[in-house]
Amino acid sequence: MIEIIRKAIRKSLGNLFGLVLFQFFGKRLLLSKLDQNKILSIYFHDPSVEVFETLIKWLVKHNFEIVTLKEFQKYYDKKKCKHKRTAFISFDDAWLGNLELLDVLKKYDVSITLFAAPKSIIDGQIWLNFVRRRFMQLSEEMTDGIKVEDIKFLSFSKAFELYEAAKEKGEIQRRIMTKSQLLDFAKFACIGSHTMNHPILTNCKDDIVLNEFNESERILKNWGLTSNESLAYPNGSYNENTVTLIGKTNYKYAFTTKPKFIEFSSQKNNFEIPRICIPDGFGKYENLARMSSVWTKIFKD
Ligand SMILES: [Zn+2]
């Protein structure tokens, strides 16, 4: 109960701040600062229809060209967009709730890109969320010296040892699309890779990182899909080494969670492309303020 009240207060306050930030700064940033040398790049996880449609409506109303992954790549390579206002919209993980958004995509005739991790599609879960939820059920011996907030920092082998043990603790309620749902969804969205297992790449050894890149590409292909030479780093986690490693694969574009507009002139390489996060549970004006990049200039997350 207290948690529900806390969330409601957080949402209302965020929306109020968002309204002020958006009206005074954000709107101007989106409408006058964007030009043919920049792309607005936003991403979602599992938004409600209302959260998603509100932003799409705003972008369509203000004449944004919402591009497919292929169009994005074309503009990115040429370092020039066709229009003054261009938006690239992506989704991570392939949550079941994304299926509810198909009507919005059709209604506004917009295209999105979905970054999927094949193992999560098979299991129906993202390991990190799943281990957190079942952490208390794991044996003391297995979790000795580990706090639930440390899971993100564990080595690949320890993290997946916990994941396998967590899976044993009862039936798994699917939260991620099945393979056949993903194949259906792919008729309305471009697909990209989100690695094979969705590990935190900065905790993994080089051979594992390379395997995550290559295996996901192989499996997607096996399913009749393509990674479109594009990948989004799980949890947005990457470092210089990750960039070097992805440079050795077939991928040509990698997406981060740096909350900025994409400015062609300041892109050092193709493997650190910014994306602004639009969280699932906030109000219209906080989301608009976040989309304009003004929110994260003031608040950390
Ligand atoms: Zn993810």
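Helix 1 passes helix 12 in a crossing that is left-handed, a label used when the near helix is turned anticlockwise from the far one by less than a right angle, with right-handed meaning clockwise. Before going on, this is a predicted model, where local features need pLDDT of at least 70, side-chain atom pairs count only at pLDDT 80 or more, and totals for chains, interfaces and linings use all residues. Residues are numbered from 1 along each chain as its sequence is written. Helices (H or I, at least four residues) and strands (E, at least two) are DSSP runs, numbered from the N terminus.

Back to that pair. Two packed helices are described by the angle between their axes and the distance between the axes. For helix 1 (residues 2-33) and helix 12, the axes come within 7 Å and cross at roughly 45°. Axes here are lines fitted to C-alpha atoms, for helices over the stretch in contact, and angles run from 0 to 180 degrees between N-to-C directions. Helix 1 and helix 12 are therefore oblique to each other. As for the cut-offs, angles under 35 degrees count as roughly parallel, over 145 as roughly antiparallel, 65 to 115 as roughly perpendicular, and the rest as oblique.

Which residues of helix 1 and helix 12 make the contact? From helix 1 they are G14, N15, G18, L19, L21, F22 and G26, and from helix 12 they are K284, Y285, E286, L288 and A289. Contact means that two C-beta atoms, placed from the backbone, lie within 7 Å. By class, there are six nonpolar, four polar and two charged residues in this contact. Ala, Val, Leu, Ile, Met, Phe, Trp, Tyr, Cys and Pro count as nonpolar, Asp, Glu, Lys and Arg as charged, and the others, Gly among them, as polar.

Helix 12 (residues 284-291) also meets helix 2 (residues 49-61), with axes that come within 10 Å and cross at roughly 55°. That makes helix 2 oblique to helix 12. This crossing of helix 2 and helix 12 is right-handed. V51, T54, L55 and W58 of helix 2 make the contact with K284, N287, L288 and M291 of helix 12. Five nonpolar, two polar and one charged residues make up the contact of helix 2 with helix 12.

Next, helix 6 and helix 8 (residues 156-167). Their axes come within 9 Å and cross at roughly 60°, and the crossing is left-handed. On helix 6, W127, F130, V131 and R134 meet F160, L162, Y163 and A166 of helix 8. That contact of helix 6 with helix 8 has seven nonpolar, no polar and one charged residues.

L138 sits in the loop between helix 6 (127-134) and helix 7 (140-143). Is L138 buried, exposed or partly exposed? L138 is partly exposed, because 17 other C-beta atoms lie within 10 Å; the cut-offs are 20 or more for buried, 12 or fewer for exposed, and in between for partly exposed, with C-beta atoms placed from the backbone. Apart from neighbours within four places in sequence, L138 is in contact with T143, L162, A165 and A166.

Q267 lies in the loop between strand 8 (262-263) and strand 9 (276-277). With 14 C-beta neighbours inside 10 Å, Q267 is partly exposed too.

Last, helix 10 (residues 206-222). Its buried residues are V209, E212, F213, S216, E217, I219 and L220. Their cover includes helix 5 (118-123), strand 5 (189-193), strand 6 (230-232) and helix 11 (240-246). Just after helix 10, G224 takes a positive phi of about 85°.
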